[in-house]
Amino acid sequence: MRIDWQAYLDGSLDAESKALADQQLQSDPSAQKELAGLKAFVSSVRNACLCEDVPLERLNRLVPEPKSESLRSSNYRTRWVYGLAAAAVLAFAFFRFGTQGPDPSVPDFATNDPQVASRWASAKLSMNIPALDLGRDATLFRAHSYGERCCFDYKVKGKAYHVNIERKKDQSFEGRSIKLDSGTTAFVGRGVKWSQGAYQMYVVGPDEDVAIDVANRTSSQLQRI
Amino acid sequence: MSDFEASLRNELPVLFRVAKRLAKSVDAAEDLVGQTLYAAIRFKHSFDGRHLRSWLIKILRNEHNSQMRRDASRPTVLLDEIEGETEPFWDEVNWRVDAQTLLRELDNLSEEHRMIIQLCDVEELSYEQAAEALDIPIGTVRSRLFRARAKLRERCADLLVMDGGTR
């Protein structure tokens, strides 16, 4: 009977087959050689894969910051105001855009058109979100949302950069302060964060300098509205 | 930093390696990890608290598949159903194949085979965890893993024969 040495190595042989395999291993040099060969093979594959470089620093920059809870804790009256404002913007969005663009209940979709993303995000966040055209070398490829944030993903220099937008909150930012081209102060730490007009912005991506560049372009676009 | 965020950071190397095995390039793998992290935060409430690694890999696969669907539709071949049984002889090959060659041949395998080797042999997920991550039955994990290893061994053995056994 031929033993399935892979099943033996993975511990998935039934008791009878395992006993037979153990017996064969004690007396049969070719069985020992085959099992050793299999172990060496699996170990070679594992070692080869684990030796590959992992760009941990860049990956760590990709971890999004959890959503702030500050809006949720707002009082009853404030919630009413937000609710009325949301209804007004939704009514405006419906009047202005009709049924164009994805339904706001869609959590994410692929698009290269900042106008489409803008319409979807405006309906989603119940506020006017401008179309963020960041230039030819920054291509929008996806829009998605989580919690009270919408996020536009742009491909810049072959990598994805996430431009998050949400309603402005009373929140201070941590990190190194810089002046964006629009004159707005932004904070660089885990990504680039700033408040501008009615918006709170957060740009995150694998390279800090590029993230700052994307933040600059975004801020300039916001300044135009 | 929240516990969930800290747990996500712990999984970054595994996620990257699995993403690279799927996407076959560093840039695409980084993008895929980025999308996965966003989706993980978004769907955090649906995590049952059991196997974070399996859950994240499942999200990563879904993100990858969505990306593939967006880029172009691609024929899917159910390898487990069409491939014949192979009976590998593990002692045939004296493992002198260098890491670069192994990685190259691994990347030449089908996506299903690359993934199962990455999850079970490299990241050492249990059959149960791999089944959860890949959304397949445990029995399929086992048979797919065995076939994938045999396929990789066969490719490496062919190389040694082609090189006249000089490697």
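**View 1. Ala7(A) and its surroundings in chain A.** With 16 C-beta neighbours inside 10 Å, Ala7(A) counts as partly exposed, a class that falls between buried (20 or more other C-beta atoms within 10 Å of the residue's own) and exposed (12 or fewer), with C-beta atoms placed from the backbone. The model is predicted, so local features need pLDDT of at least 70 and side-chain atom pairs count only at pLDDT 80 or more, while totals for chains, interfaces and linings use all residues. Residues are numbered from 1 along each chain as its sequence is written, and chains are lettered from A and ligands numbered from 1 in the order in which they are written. Ala7(A) belongs to helix H1 of chain A, residues 5–9; helices (H or I, at least four residues) and strands (E, at least two) are DSSP runs, numbered from the N terminus. When neighbours within four places in sequence are left aside, Ala7(A) is in contact with Ser12(A) and Leu13(A), where contact requires C-beta atoms, placed from the backbone, to lie within 7 Å. Between the C-alpha atoms of Ala7(A) and Lys18(A), which are 11 residues apart along the chain, the separation is 9.1 Å.

**View 2. Chain A as a whole.** The secondary structure of chain A consists of seven helices and eight strands. Among the 225 residues of this chain, 36% count as buried. Of the contacts in chain A with a separation of 6 or more, 51% are between residues 24 or more positions apart.

**View 3. H7(B) against H8(B).** The axes of H7(B) and helix H8 of chain B (residues 127–134) come within 10 Å and cross at roughly 140°; axes are lines fitted to C-alpha atoms, for helices over the stretch in contact, and angles run from 0 to 180 degrees between N-to-C directions. H7(B) and H8(B) are therefore oblique to each other, the term for angles that are not under 35 degrees (roughly parallel), over 145 (roughly antiparallel) or 65 to 115 (roughly perpendicular). H7(B) contributes Met115(B), Ile116(B), Leu119(B) and Cys120(B) to the contact, and H8(B) contributes Ala130(B), Ala133(B) and Leu134(B). These residues divide into seven nonpolar, no polar and no charged, with Ala, Val, Leu, Ile, Met, Phe, Trp, Tyr, Cys and Pro counted as nonpolar, Asp, Glu, Lys and Arg as charged, and the others, Gly among them, as polar.

**View 4. The contact of chain B with chain A.** This contact takes 37 residues from chain B and 39 residues from chain A. On the side of chain B that touches chain A, H3(B) gives the most, with nine residues.

Key: Contact = placed C-beta atoms within 7 Å.
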